[in-house]
Amino acid sequence: MTSPAPAPKIPRLWVPLPSGIHPKWREIDANSAAWLDRYGLYSDPAQRERLTRIAVGEITSRGAPEGRLAPLQWTADFLMWLFAFDDEYCDEGPVATSPDATLLMITKLQRIIDVPWTAATDDNYSAALHELRMRLDRLTTPVQTARWAASFRAYLQGQVWMAANSAYGRIPTLSDHLAVRLDSSGVKIFSTLSEIIHGYDLPAADYERHDVRAFVEVFAAIIGWSNDLVSYHKERERSHEGYGNIVDLIAHERNCPLDEAVAEAATMHTSAMTLYLRLRDQILATAGPELRRWITGCDSWIRADYDWSLTTNRYVNPENPADLPSGSAAAPLRASADKPLPIDSIAWWWTHLKD
């Protein structure tokens, strides 16, 4: 019997953003576990145990420490759906290696997002998503719902690309991977949640600005790359073989050992974090109240995901522990926001820096 592969040592990442948590987070978490049971979003008791121990109430409450309770509960339930769906259909189940099956599934789910009052709900995941979508309309404005729906559709569509890579043994370039994973990771969805939880509409004239769109992509990259590092050991233990993680792609493309790929991913994270702070300050200099509030929400979600990731049982895995750090680094790693990373698909972010 072979022993499990040793977990790579993950360095502390630099996340110089404030941390907080809503006081009702345990109540929110317990309610989401009950909601999970209501729809049976797990394949067996062991998977149920894993899902109920990941603390979706914690990450939600860290993302919006002063949020309204009903939208916070909806967000925690939605994140529970995402984690369950990601495990069963995107990472670990047979559908994850079948682009045809993935396409059929997401087509049905997209119909629920667009017109839930007429969509078919003939399995537990579609029924649970239907409940979430109908509940969302009672909590939001049409603008908030449309923005969330667009980011969620992009997440679903990205799963076809991931499944095709797995099915055909295709190894994408790092540049292509980073572009697609901005959506397929689901992280961009987090940028739409502040409006829902706090109850305001970010004007379209702000949201569609090119510098704000770059800011959203940097936001998604910071969380996504951090997650790739923290979740690396879990994915190697439980997911299908493939190149869906930035660490593996760096190691493949640079032909370097795992520890060097981990270090490079951490340095890339620092570069993105430095760029994020500079873009944020530039945008805030002329921002109106809604845009300021939205940027504060983005800050909270970045820190929330990092703090939660270091302690959640989803990644720590007590049976075969990951080698994770504690807390944020006190200073950035060697990186500069002035010089773009040499990756074609994301180099445009730096063009929005002012001299």
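Predicted model: local features only at pLDDT ≥ 70, side-chain atom pairs only at ≥ 80, totals over all residues.
Some ground rules come before the details. Residues are numbered from 1 along each chain as its sequence is written, and side-chain values use heavy atoms, with hydrogens and water left out. Local features need pLDDT of at least 70 and side-chain atom pairs count only at pLDDT 80 or more, while totals for chains, interfaces and linings use all residues.

**The core**

The largest nonpolar core has 111 residues, and Trp81, Trp148, Phe152, Tyr276 and Trp294 touch the most other members. A nonpolar core here is a set of buried Ala, Val, Leu, Ile, Met, Phe, Trp, Tyr and Cys residues joined through side-chain atoms within 4.5 Å. Buried means under 20% relative accessible area, exposed over 50%, and partly exposed in between (1.4 Å probe, protein chains only).

Take Trp294: setting aside neighbours within four places in sequence, Trp294 is in contact (heavy atoms within 4.5 Å) with Ser191, Glu195, Tyr200, Leu202, Tyr207, Val212, Phe215 and Val216. Ser194 sits in helix H9, residues 193-198.

**Two helix pairs**

Two packed helices are described by the angle between their axes and the distance between the axes. Helices (H or I, at least four residues) and strands (E, at least two) are DSSP runs, numbered from the N terminus. Axes are lines fitted to C-alpha atoms, for helices over the stretch in contact, and angles run from 0 to 180 degrees between N-to-C directions.

Start with H5 (residues 99-114) and H7, whose axes come within 9 Å and cross at roughly 175°. That angle makes H5 roughly antiparallel to H7; the cut-offs are under 35 degrees for roughly parallel, over 145 for roughly antiparallel, 65 to 115 for roughly perpendicular, and oblique for the rest. Among the contact residues are Pro99, Leu103 and Ile106 of H5, along with Trp148, Phe152 and Val160 of H7. By class, the contact of H5 with H7 has 14 nonpolar, 4 polar and 2 charged residues. For these classes, Ala, Val, Leu, Ile, Met, Phe, Trp, Tyr, Cys and Pro count as nonpolar, Asp, Glu, Lys and Arg as charged, and the others, Gly among them, as polar.

Val160 lies in H7, residues 142-168. Leaving out neighbours within four places in sequence, Val160 is in contact with Pro99, Thr102, Leu103 and Ile106. Val160 and Phe215 are 55 residues apart in sequence and 26 Å apart in space, C-alpha to C-alpha.

Next come H8 (residues 174-184) and H13 (residues 246-254), with axes that come within 10 Å and cross at roughly 165°. H8 and H13 are therefore roughly antiparallel to each other. Leu174, His177 and Leu178 of H8 meet Ile246, Leu249, Ile250, Glu253 and Arg254 of H13. That contact of H8 with H13 has 5 nonpolar, 1 polar and 2 charged residues.

Most residues other than glycine have a negative phi. Ala55, not a glycine, has a positive phi of about 65°, and is in the loop between H2 (45-52) and H3 (56-63). Asn255, also not a glycine, has a positive phi of about 55°, and is in the loop between H13 and H14 (258-284).

Here is how the single residues come out for accessibility.

| Residue | Relative accessibility | Class |
|---|---|---|
| Ser194 | 4% | buried |
| Ala55 | 12% | buried |
| Val160 | 22% | partly exposed |
| Asn255 | 72% | exposed |
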